[in-house]
Amino acid sequence: MRTSRMESFSDGVIAVAITLLVLGIRVPSPAGHPHQSLLYALGQEWPSYAAYVTSFITIGIIWINHHAMIDRLAQSDRGILIMNLLLLMTIGILPFATNLMATYLRASSGQALAAAVYGGSFLLMSVAFASLNRAILLHKAHLIGESLTLQQRQAVLKRSVIGLIPYAAATALAFVSPYITLAICAVVAAYYAHPAASGGEVAA
């Protein structure tokens, strides 16, 4: 089974998810800040900007990684297609989780749960990506078009699972401070946005 249709469908889903992120950025209402300048009102929306940038970079990294992962395949099978759909499902919930985080970050209640959902969404996506990558690299290596040794495949897999640790910490620490969760997710996004973080290949 050729991989071109799976890659095209995946690109479409990821493009929609990354575009929907901007809908979480609200335009300040003049009635909400009648005695303050527009600049002040825009500044008050900083949680939306921070969550947007973090999620945008993270989804962008996943898009890059997804291409690298699928490009290794000479062909796919039904199992890979199903696991890819599960990965796309986790990416699809990120706009909701991002909006939830931005809305409740400074609310009087619900901040911890919103942050846990946000961090948990990234963790779930990372688990889904690592699982698909593991299936391709270890269990379905016969479908890979490249000539990779077991050691090389294990090295690639190691880079894809290392992100699970900070995302798990971000989810757990949401009940300590939602700001810690946002900061960890932002740091992970910034780290993996730099190619040098994984020796020239972006990691998830």
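Student: How many salt bridges does the count come to by the rule used here?

Tutor: Side chains of opposite charge can pair when their charged atoms come close. The rule asks for a side-chain nitrogen of Lys or Arg within 4 Å of a carboxyl oxygen of Asp or Glu, and by this rule the count comes to one salt bridge. This is a predicted model, in which local features need pLDDT of at least 70 and side-chain atom pairs count only at pLDDT 80 or more, while totals for chains, interfaces and linings use all residues. Residues are numbered from 1 along each chain as its sequence is written, and side-chain values use heavy atoms, with hydrogens and water left out.

Student: Which side chains meet in the salt bridge, and where in the chain do they lie?

Tutor: R26 and E45 meet at 3.3 Å, N to O. The pair links distant parts of the chain, 19 residues apart, with R26 in the loop between α1 (4-20) and α2 (38-43) and E45 in the loop between α2 and α3 (46-71); helices here are DSSP runs (H or I, at least four residues), numbered from the N terminus.

Student: Is E45 buried or exposed?

Tutor: Buried means under 20% relative accessible area, exposed over 50%, and partly exposed in between, with a 1.4 Å probe and protein chains only. E45 is buried, at 12%, whereas R26 is partly exposed, at 38%.

Student: Which residues is Y118 in contact with, leaving aside its neighbours within four places in sequence?

Tutor: Taking contact as heavy atoms within 4.5 Å, Y118 is in contact with A51, T54, S55, A97, T98, M101, T181, L182 and C185.

Notes:
Helix = DSSP H or I, 4+ residues; strand = E, 2+ residues; numbered from the N terminus.
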